[in-house]
Amino acid sequence: MSGRKPRSVANPLESAITTPSERILKECHSLYVDSENGLVKIASSLGVRLLPPRKKIIVMIMGNHSAGKSSFINWYAEEHILKAGVAIETQGFTFVTSGRKRESLTGNATLHLYPQFRPILEFKGVTDYLSAEISSSKQKKFSLMTFVDTPGLVDGDMVYPFDVNSAITWLGEQADLVFVFFDPMGQALCKRTLNIVEKLSEKCGDKLLFYLSKADEAGKETDRQRVMMQIVQELCRRPGLNKCGFDMPTIYIPNPQRPSRCVNQIDGVCQTIEKTINQAVQKTLDQLEKDCDLMCSTISSRLEQDRADVAHNKSVRLHSFLCGAQGLFLPVLFILSFIVNTLSKDQLDELLGEGPARTLSIFTGMVIYLWDWIPEDGQVVFVIFFGAFCYLLLFLAKYFAGRGNKTLTKKEKRTMTEYSDYIQDIVKTKKGKLYEWYLQQCAAEYDL
């Protein structure tokens, strides 16, 4: 091996341009996945299932082929990552995200990078059409998001190697935002696109945002208005998409060499992404507090239940002891009474002493008195019933002995107490500081 020190050029650069939101999401994620005191590990030991928060939001872009999906991603990242053109360039799903260096991943590697999307394997044939593109770009909010570029949709005889409608619908449900790009150049009314949009609207309509892409290529303003009217009319014909407050901004990739008078609302797309990221930060911090409260209440209820189990075990042990003692004492006393009855008072005093002999004589005398009171023809029946009663007492002793609940060991109770203290003193304190740090970005000092 070479004795040279490994280069670490990426780390200082990454830390220098890390935004507060990115740091907060990473800090929250590390609180969950830490190998020693991670909340996921603590929750697992308590029988509670926790999912670590995502460090990035997911933005899926769908639409007909050549709608400008790949071009938009390239523009946002300010790097040529995906092929873009009139032909159907995207035939599968491509995850585009920010990382330390430029890299391309295939299907299996993509699912290792995004294990939360592993259920997509249920769609037969989709694995070979999964890929990921990692870029070192940190432009805009690219470091806090992952784009999902979907296959270009067309009608007619186009055959996809997997159930594209169901796969896009499922991915749309997992995403934080779903951008639907309508191309004004004749493919905007693609029925396959509209069918998927209608399904997504039923399941997650609040994520859907519609855009007229490549608006600068639609001709004059009257032509753009005509295209938008056709799209809106087609959408409103479908019951699931006929709703109030419908909006479809016009966007296109700015080109200084080809200035256009068309209104470009592409900056609004960036603002929408930034707003969603801010909401993700708030949701992550709120979820962190809820998860802390859940685990603290779980630990508290476990310790309280353990105290109840300890009290219950003491009670059943007492019952077991009393029944077992009587089940042994009564037959021993019965047999001993007949043995003592054969001895004279002097022999008994010499054997046990005057005091113990007197006490034993009282008890055995009572047994002999009761025995003599029973008629001779009923004595056999009495012995049978007496033996059965003693056996019942021993059976009850064993029954009560098995009714005890499992309790926590001293080590387990100490560990749970340490977990609770760690969550209260470390995690919640850290969460409060992160929230304060987040609010400092947008609020004035006198508001805090």
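**A walk through the predicted model**

K140 is partly exposed, with a relative accessible area of 31%. That value lies between the 20% and 50% cut-offs, so K140 is called neither buried nor exposed. K140 sits in the loop that links β4 (130–135) to β5. Its backbone deserves a look as well. The phi of K140 is near 50 degrees, which is a positive value in a residue other than glycine.

Now step back to the whole chain. The model is a predicted one. The protein has 448 residues, and 41% of them count as buried. Its secondary structure comprises 13 helices and 7 strands. Take the contacts between residues at least 6 apart in sequence: 78% of these join residues at least 24 apart.

G63 gives a view of the interior. This glycine lies in strand β1. Its relative accessibility is 0%, so G63 counts as buried. Leaving out residues up to four places away in sequence, G63 touches K69, T150, P151, G152, L153, F181 and T193. I196 is 133 residues from G63 in sequence, but their C-alpha atoms are 9.6 Å apart in space.

Strand β1 leads on to helix α6. Of the 11 residues of α6, 8 are buried, so this helix is largely enclosed by the rest of the structure. The buried ones are V164, N165, A167, I168, T169, W170, L171 and G172. What covers them? Strands β1, β2, β5 (145–149) and β6 (177–182) are included in the cover, and so is helix α7 (191–204).

Next, move to the loop between α5 (107–113) and β4, where G125 is found. G125 has a relative accessibility of 32%, so it counts as partly exposed. Beyond residues up to four places away in sequence, G125 touches P161 and F162. The C-alpha atoms of G125 and F162 are separated by 5.3 Å, although the two residues are 37 apart along the chain.

Turn to the largest pocket. Its volume is about 1,400 Å³. The elements that give two or more residues to its lining are α2 (20–33), β1 (57–63), β2 (93–98), α6 (164–174) and α9 (266–341). The lining has 43 residues in total. Which of them lie nearest the centre of the pocket? They are P53, R54, K55, K56 and I57. Helix α9 supplies the largest share of the lining, with 9 residues. By type, the lining divides into 14 nonpolar, 13 polar and 16 charged residues.

Helix α9 also holds T276. T276 has 11% relative accessibility; this is under 20%, so the residue counts as buried. Not counting residues up to four places away in sequence, T276 touches I57, D176 and L177. One of these partners, I57, is among the residues nearest the centre of the largest pocket.

Helix α11 (residues 354–373) carries F363. At 43% relative accessibility, this phenylalanine counts as partly exposed. F363 and L336 are 27 residues apart along the chain, and 9.9 Å separates their C-alpha atoms.

The last stop is a helix pair. Two packed helices are described by the angle between their axes and by the distance between those axes. For α2 and helix α13 (residues 410–439), the angle is about 170 degrees and the axes are 10 Å apart. Because angles over 145 degrees count as roughly antiparallel, α2 is roughly antiparallel to α13. Which residues make the contact between α2 and α13? From α2 come P20, R23, I24, E27, C28 and L31. From α13 come V427, K430, L434, W437 and Y438. The contact residues divide into 8 nonpolar, no polar and 3 charged.

Methods: Residues numbered from 1 in each chain as written. Predicted model: local features only at pLDDT ≥ 70, side-chain atom pairs only at ≥ 80, totals over all residues. Heavy atoms only, no water. 1 Å grid on protein atoms, 1.4 Å probe; cavity = no way out; pocket = protein on both sides within 12 Å on 5 of 7 lines; lining within 4 Å. Points joined across faces, edges and corners; volume = space filled by probe spheres on them. Helix = DSSP H or I, 4+ residues; strand = E, 2+ residues; numbered from the N terminus. Nonpolar A, V, L, I, M, F, W, Y, C, P; charged D, E, K, R; others polar. Axes fitted to C-alpha atoms, helices over the stretch in contact; angles between N-to-C directions. Parallel < 35°, antiparallel > 145°, perpendicular 65-115°, else oblique. Contact = heavy atoms within 4.5 Å. Buried < 20%, exposed > 50% of the residue type's maximum accessible area, 1.4 Å probe, protein only.
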